[in-house]
Protein chains: 2
Amino acid sequence: MPSFAETTVRTEIPGPISKANTKRLDTIFDARAVHFVVDYNKSEGNYIVDVDGNRYLDVYAQIASIPVGYNNKTLIEAAKSPEMTSALANRPAVGNFPSDQWVDILRDGLMKVAPKGLSYIFTAQSGSEANELAYKAAFMLYSRRQRGEAEWNEEEINSCLENSKPGSPELAIMSFKNSFHGRGFGSLSTTRSKAVHKLDIPSFNWPQAPFPALKYPLEEHVEENTAEEKQCLEEVERIMTTWHCPVVGLIVEPIQAEGGDNHASPAFFQGLRDITRKHSAVLIADEVQTGFGATGSFWAHDHWNLTSPPDIVTFSKKAQTAGYFFGNEMLIPDKAYRQFNTWIGDPARVIMCKAVIKEILDKKLVEQTAYVGTHLYAELSRLAAKYPEHIQNLRGEGQGTFIAFDTKDSAGLVRSMRHIGVNIGTCGKNTVRLRPMLIFEEKHIPILVNALYKVIGAL
Amino acid sequence: MPSFAETTVRTEIPGPISKANTKRLDTIFDARAVHFVVDYNKSEGNYIVDVDGNRYLDVYAQIASIPVGYNNKTLIEAAKSPEMTSALANRPAVGNFPSDQWVDILRDGLMKVAPKGLSYIFTAQSGSEANELAYKAAFMLYSRRQRGEAEWNEEEINSCLENSKPGSPELAIMSFKNSFHGRGFGSLSTTRSKAVHKLDIPSFNWPQAPFPALKYPLEEHVEENTAEEKQCLEEVERIMTTWHCPVVGLIVEPIQAEGGDNHASPAFFQGLRDITRKHSAVLIADEVQTGFGATGSFWAHDHWNLTSPPDIVTFSKKAQTAGYFFGNEMLIPDKAYRQFNTWIGDPARVIMCKAVIKEILDKKLVEQTAYVGTHLYAELSRLAAKYPEHIQNLRGEGQGTFIAFDTKDSAGLVRSMRHIGVNIGTCGKNTVRLRPMLIFEEKHIPILVNALYKVIGAL
């Protein structure tokens with residue numbers, strides 16, 4: 001079996017031990033999506049090791065959610081801290097009975113990286129939950145503005161318990177074609193990427209706008225792409241002003257990930273900010289996959305150069321926890337207990353997040369990712385020039401290591417890559433997405449790129 | 001300030017240090033619902049200690065979610081284990097890359113307490129998420145049966161991405177008046193307890209059935225209560241057969257908790273099982289608050305003596321993690337990745353759950369709770385006999401420590417109880433609910449009951 005530098009493949013994939021373990025698991029837990037079973041004790045840094053002893057360079061990173069490498073020392077220290085032991089053994093209802101440390105865990109962690117202009121936080125447990133909480137904040141803000149200083153009336157109170165108007169109003173969140181915002185009933189109603197996520201599940205009658213379909217290379221299609229973005233912006237505004245009910249929020253990924261790594265220019269996002277401000281809709285930047293440094297900025301929306309920030313920014317994945325940031329006090333609901341639940345996140349994971357942030361800032365990993373991304377992109381450009389029929393629409397220049405390309409058989413390519421020791425992921429219809437960790441260094445580039453040369457050269 | 005045995009109250013509540021900490025927190029995180037700030041390092045067993053040094057007997061237990069006491073030794077051991085360190089530092093996408101230990105963490109933990117007849121599990125992060133996953137399983141099952149062996153067709157695939165029929169079908173989940181099933185957009189559509197949870201949030205047009213309003217004492221109202229339950233069952237069947245779209249699932253709490261601690265008899269639940277089986281609807285027992293022993297059975301639905309189990313049982317809170325159990329293989333969706341998300345729960349919390357289960361089984365805490373509950377109920381009966389105008393509709397006999405009563409000013413009573421060192425909760429409109437941990441012993445009964453005598457005697 002081949003060995004690429006620090007990668008080793010000893011067995012077929014999945015190997016016999018992986019298969020046996022998966023078979024046992026499948027008797028109690030749906031294991032059909034298992035790629036291989038992992039020995040996390042042997043995994044380290046950028047390398048994931050399976051139970052058959054195969055060692056892969058991991059540029060998929062648990063669906064883009066490992067920030068600073070397997071068995072990172074700073075994270076292990078946090079995991080072993082007395083603070084963590086207490087958070088695990090004494091799980092609080094954070095909204096009612098926070099620990100004396102809670103405020104400082106937030107201040108010394110998540111609030112250190114709060115997007116510019118957003119000074120409040122609400123914690124959650126998944127990206128899907130974070131987005132739904134953001135939608136609820138947007139709905140409550142809209143109704144609060146409508147209501148003015150008036151108290152809730154009897155009709156509102158009674159009708160909402162019956163799921164009927166006016167207490168349960170018809171209001172909408174707009175999202176984009178090919179977007180992915182999660183799998184809850186609200187977040188799934190805004191997800192538009194694949195039928196496998198949505199089929200058979202009831203959804204809200206909410207609108208979707210077209211997301212720009214840019215042509216690559218960008219420098220050869222400047223006019224077309226500008227026109228495309230302008231048309232999409234017009235459509236956003238048209239839908240927002242003509243939908244059968246008020247559209248109170250717009251959610252957008254800075255780079256559509258699950259839907260195929262689709263990019264748009266800062267001008268497009270500036271346009272969204274202008275339209276949402278004009279029509280008093282809440283602009284939600286879904287940074288679940290783009291946040292925490294992979295694009296070479298801590299937040300991908302930093303690249304937009306907005307004059308005023310998105311109203312809400314949601315996060316999860318590399319944060320190892322989830323939640324949303326916001327700036328406008330009016331997004332805090334009119335009464336306590338409206339945005340609330342038993343746990344409101346998990347302090348244990350928020351402590352891990354604090355360690356992740358410390359590691360990112362101390363080691364300057366965002367800057368490193370920007371630098372490494374530039375070199376990685378250049379190498380992939382050379383590969384694309386050599387194999388233009390196999391590497392198409394290379395994208396992500398200037399976006400750190402958040403790079404992707406289209407290829408005829410993305411699933412086949414990923415399988416072949418795994419067989420020579422590189423764990424890599426797909427998205428959209430025929431896209432290969434790179435999601436290395438923030439500790440991916442220049443020295444790892446040749447391991448990844450040489451494997452691609454080998455696999456594509458053999459096609 | 002008064003002191004009741006092992007409780008101590010030194011300051012007003014919240015005390016000055018609590019208030020200062022809450023004020024700091026409120027500048028970044030909505031802290032309006034904070035009762036007091038906790039020193040979890042000083043809290044132990046049934047006693048919670050705040051930052052002002054006040055020590056309370058805790059019979060609210062983080063909204064019914066602390067199972068085996070603060071700083072429980074078995075839980076601390078699990079929190080410090082190498083298995084935990086790895087689970088925290090290497091958070092997996094469990095569906096794609098499970099650890100080699102994952103199957104045994106489930107087998108040696110959650111599967112040991114799987115409800116009779118339910119041999120599969122899906123893990124989640126909150127009760128709300130667990131319920132929504134259950135609804136999705138119910139919707140996919142219904143469509144799968146309708147579709148038979150046919151593959152998904154183009155119209156279904158395309159329409160679901162537009163949130164329109166037939167891919168996004170009109171299908172419903174039925175719930176009961178006064179129920180609480182969570183706060184996501186699907187779970188909130190089934191929650192019917194309070195306007196504060198629901199007002200201004202769009203919801204699905206799903207039906208609610210009346211839940212029996214039993215009269216107490218039960219032995220004096222046998223005929224009325226039997227008639228009431230019969231009428232509710234008839235209404236369930238009437239709605240199920242006449243609703244404007246198929247009702248594919250029915251969710252019910254064994255004891256409605258948030259909605260006021262409303263009980264029904266085993267016969268009522270047997271009736272629900274019969275109706276749902278007759279109409280091929282999925283019966284979901286929401287054991288988020290009742291599960292894990294507090295009713296004197298591991299699962300509250302054990303009290304129902306069903307001939308066949310609920311189709312799905314959801315759990316969270318005392319489990320310290322969340323998810324659902326099921327038995328019918330057809331509830332596993334037709335394809336992989338349909339019931340899926342990045343993390344699918346959190347192995348760190350599932351490891352804590354394994355420790356909770358070990359502690360419950362080793363120490364026979366369910367049996368203890370049944371025993372202690374009987375004595376606690378007897379003491380409260382005496383209290384109710386002495387103060388019939390203040391303790392009304394005492395309920396929960398034979399349901400472990402899951403006991404509640406109505407009183408004129410439940411919020412006031414809870415405030416007064418806190419001021420003499422007992423942390424206790426409310427629910428519904430005017431109900432006081434007892435939610436002690438499973439380690440609540442006979443010796444704690446007088447502390448709680450004497451405090452009630454004192455507070456009620458002074459009214």
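The model is predicted, so local features need pLDDT of at least 70 and side-chain atom pairs count only at pLDDT 80 or more, while totals for chains, interfaces and linings use all residues. Residues are numbered from 1 along each chain as its sequence is written, chains are lettered from A in the order in which they are written, and side-chain values use heavy atoms, with hydrogens and water left out.

Helix α10 of chain A, residues 222-242, reaches 30 Å from its first C-alpha to its last; helices here are DSSP runs of H or I with at least four residues, and strands are runs of E with at least two. Its buried residues (under 20% relative accessible area, 1.4 Å probe, protein chains only) include N225(A), C232(A) and M240(A). Seen down the axis of α10(A), the buried residues fall within an arc of 130°, taken from the directions from the helix axis to the C-beta atoms, so they line one face of the helix. On the other side of α10(A), E223(A) and K230(A) are among the exposed residues, exposed being over 50%.

In β6(A), 6 of 6 residues are buried, and this strand pairs on both counts below, pairing being at least two DSSP bridges.

| Strands | Bridges | Direction |
|---|---|---|
| β4(A) and β6(A) | 3 bridges | parallel |
| β6(A) and β7(A) | 4 bridges | parallel |

Chain A can be laid on chain B with an RMSD of 0.0 Å by a turn of 180°, superposed by least squares on C-alpha atoms of residues with pLDDT of at least 70 in both. The two copies are thus related as by a two-fold rotation axis.

Terms used:
Expected span 1.5 Å × (residues − 1).
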